[in-house]
Structure formats: structure tokens, C-alpha cells
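The paragraphs after it go through them step by step.

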Amino acid sequence: MVGDDGGPRWLDSTEMRAWRSYIVGSALLRQQLHSELSDRHNVALGDYELLVLVSECADHRMRMAELAAGIGGSKSRVSHQVARMEKSGLLRRTTCPGDGRGVFAELTDAGLAKLVEAAPTHVEGVRAHLVDLLDEQELATLAAVFGRMLDHLDRHGTAH
């Protein structure tokens, strides 16, 4: 966006406070959730998020491209992450029937066990560090704000 004088539309103090709170708060929240999962269950937050997405799919498997879109990551980054998780026995890659180029990430028994083990810690952290700090109206506002942002980014081809 351009200001009235043709230059950038700088953030005012309220906008800057909101932006910085979001940037720092979301980074610190992710660090905290990662630490809790890593310390208690030896699983990284990013790996946990992949396990959740794959577990929610039919047959506990998901196309790699959909997995990348589901976490807002690049196909290349997710491919490396899945390869690492495959080495640790949490996921395996399988070919898509009828599509020789398509690849699934599939949850292993060990991956499901890790997810079941770590899920209570994760949900407790999400509640303690975010959800329980907000009232119902604030939660609805948060969902609406980020839903609108995701829709905007989807329309511009920059998300998922």
C-alpha cells in the first residue's frame, strides 16, 4: 500500500504494537511448545504437526504436496522433513496407486504411538500459553483474523 504522498504507508504506534506482539508472541509460543514436546517426548514441534496432519487423513496417509500445503511449507522442506522422520521410524513414504509420480507420507505404528504419547503435552501447552488466556470473544476474534489472513494469502497464492 502506498501513502497519500506516494511513499510507504508506515505503521502507526497501535499497528506497530500489534505487529510486534504478533511476531514476537508467535515465535515465543512456538519455541515454548517445541521445548515442551522436545524435552518430554523427544519430538520437535514441526514433526509433531506433521504427525497430526497425517493422522487426521483416511488410512493415516497424505500426499506430500497436500502435507506441504497443510503446514504452509515448501514441498522441498517437507520432503526433507519426512525423509528425516522416515529414518526415525515415525513416517514412511509410499507411492500413490494409479499415480506413479505421487507420493504419500504414511504414519507408522511408532509415529502413531509418538503422537498419542505427545498429544496431551501439546494440548496442555496450547491451552496454558494461549487458549486459556483468552475469553470466548477473543478466541472468536483470533480465529476470524487469522482466517481472513489465510484467505487473503490463499487468493494471492502465497499460502498453502
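Is Phe146 buried, partly exposed or exposed? Phe146 has 27% relative accessibility, so it counts as partly exposed; buried means under 20% relative accessible area, exposed over 50%, and partly exposed in between, with a 1.4 Å probe and protein chains only. The model is predicted: local features need pLDDT of at least 70, side-chain atom pairs count only at pLDDT 80 or more, and totals for chains, interfaces and linings use all residues. Residues are numbered from 1 along each chain as its sequence is written, and side-chain values use heavy atoms, leaving out hydrogens and water.

A pair of aromatic rings is described by the distance of the centres and the angle of the planes. Rings of Phe, Tyr and Trp (its six-membered ring) pair if their centres lie within 6.5 Å; planes under 30 degrees apart count as stacked, over 60 as edge-to-face and the rest as tilted. The structure holds two such pairs. In one, Trp19 and Tyr22 are tilted, 5.8 Å centre to centre with 35° between the planes. Both residues lie in helix α1, three residues apart, about one turn of the helix; helices are DSSP runs (H or I, at least four residues), numbered from the N terminus.

Tyr22 is partly exposed, at 35% relative accessible area. Its ring and that of Phe146 have centres 5.6 Å apart and planes at 35°, so this pair is tilted. The pair links distant parts of the chain, with Tyr22 in helix α1 and Phe146 in helix α6, 124 residues apart.

Methods:
Helices (H or I, at least four residues) and strands (E, at least two) are DSSP runs, numbered from the N terminus.
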